Structure formats: C-alpha cells, structure tokens
Amino acid sequence: MRLGVLDVGSNTVHLLVVDAHPGARPLPAHSHKTDLRLAQLLDEAGAITPDGVERLVDSVREALAAAEDKGVEELLPFATSAVREAANGDEVLARVHEETGVALRVISGEDEARLTFLAARRWYGWSAGRLLVLDIGGGSLEIAYGTDEEPDVSVSLPLGAGRLTAGRLPGDPPDAEDVRALRKDVRTQIARVVGEFSRFGAPDHVVATSKTFKQLARLAGAARSAEGLYVQRELKRKSLEEWVPRLAAMPAAERALLPGVSEGRAAQLPAGALVAEAAMDLFGVETLEICPWALREGVILRHLDHMPAQ
C-alpha cells in the first residue's frame, strides 16, 4: 500500500510518501516539503501567530493535495514540539482540522525519541548492539539508548536548533557573549541527564539523525546526499570542534555557501552545532554515524507493525 507521513515540525511541514507493507522495507516514492519555521512564528506569550497559523493551514493543504496526487491510501499526520508547546496548540490543531480535514496527532518528546530509536534500530539491526541515538530537531533534542527496539531510556530536551536560534542567538553573526552563554546552558541541560544513560554502560554504536547532524557531517567531509542512502557517513568530534567557532563567526549568508548547508537552515546551524558538540562531548562520543532513517520512518514502521500481515 502507499502510505503518507505528514510531519509538522518546528522547521518544516514534510510529506513523505512510501510504498510499504508489513514485514517489508518502506520504499520512498515522493517527498514534499515546505519550510515554515513554526518555532520562529511565536508571539511573546508563546502562541503561534495568526500569520503562522494561516501559513500552517496552507502548508497542510498543499501537502494533502500532493498526497492525493501521488495516490496515498492512508495518511499518518502528526505534529511535534512547535505545536506541542505552543500556548494555543489546541486551537491550532482545531483550526487545521476544520479547514483541511487533517487531524494532527501530537507526539510527545519521549515518543519522538522512541520512534526515532526504532527507525535507527531497524536500519542497523541487532548487530549494532547497544545503540545510542541523538536527534536535533528544530524545537528539541531527543536522546535514546537501548539494546532492543524499545529504548531502555529516552529523553527530550528543549534544545532544538530553531528554538535556540530564535530565543538565544539573535545576531547575524551571533554575539560572542550570547554564544558563550548558550554553550554553557546547553551543556548544563545535557549534563543533567547523562547519568540516566551511563548506568546502562557504554554504547556499542552511536548514531545521529536530523538535518542538523547531516549538514555538520557534510561540512566535516561526509559524502553528499546524492551519493545515496547506503554510503556510510560519519561525524568526528574533533572535526566538529573545529567547525563550531567558525560557524558562529560567519553571517548566515556565508554559511549558506558551505557544502551541504541549505539557505533555510544556515541561520540555525551554529546553535545546532553547539548542541551536537555538547552531546558528543558529554556522552564521550568520538565518532558517530549518520542514520538515514529518523522519526518519519519510525512512525511508518510502528504503523506497519500494528497492521495484519497480508
């Protein structure tokens, strides 16, 4: 069957269309993405602005039309931290449903971590052993660890690249004092949860998902996305540590000219790099691997697991 996953995130509204059935690997058939930046469309009270709501409704409507054009049989729509944490989140969900007919399911931060972990586990298999998964989104950082398909421990922290950029790094390039203060706060928040993971022992394999990690790996010399899903891509902490101050010193327009960095993501890359560096350092990770599958694939896999075999 042809499934569509509609992901309303902090940065984008992303429709992923796949051909799938229980027991089979989902095969991507189409992708439709709108850069929305919901995490930056908030008023002082933390509510999504009227303009932001209108743009969200339009984006969902466009994605729905794309899903119909591609013959999607079933749509799995969900929203993450931007809607989950918005002061008017319930009203936004009701408005989207009323105007488009799409009932967005809000996924908790912990479920984000669990579903992303499931996707990574299925991608690497049991031979990966004890798996540590890091995922930097627009609104939050998810961390999960385990030996099975359900993680032994998972957390979600409000350390998304878009959120931190909008709230903590207003300059272009950001002020050095702002960068230093954010670095300290990020490390403090991550350090608080490290103990929850360390009692399970060192991981056998560390992987990361998300556009932020993919761009950082590309800067550090990883293969281009055009070379395919099955090319191994790594990010070394040493390389990342060299890039963090360079990214923070550049204006966004200059970052956008770097290999693998999109114009829409260039502004938030310094914040994302600070989070990535802190996570790798505090968890003692020298090298991690970039996983092609993430939350959207996890949602698909979980849905297929609950379907009867044909």
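Me: What share of the contacts in the chain with a separation of 6 or more comes from residues 24 or more positions apart?

Reply: Such residues account for 69% of those contacts, where contact means heavy atoms within 4.5 Å. This is a predicted model, in which local features need pLDDT of at least 70, side-chain atom pairs count only at pLDDT 80 or more, and totals for chains, interfaces and linings use all residues. Residues are numbered from 1 along each chain as its sequence is written, and side-chain values use heavy atoms, with hydrogens and water left out.

Me: Why is helix 5 called oblique to helix 10?

Reply: Helix 5 (residues 161–168) and helix 10 (residues 269–282) pack at an angle of about 120 degrees, with their axes 8 Å apart; axes are lines fitted to C-alpha atoms, for helices over the stretch in contact, and angles run from 0 to 180 degrees between N-to-C directions. Angles under 35 degrees count as roughly parallel, over 145 as roughly antiparallel, 65 to 115 as roughly perpendicular and the rest as oblique, so helix 5 is oblique to helix 10.

Me: Which residues of helix 5 and helix 10 meet?

Reply: Ala161, Leu164 and Thr165 in helix 5 meet Ala271, Gly272 and Val275 in helix 10.

Methods: Helix = DSSP H or I, 4+ residues; strand = E, 2+ residues; numbered from the N terminus.
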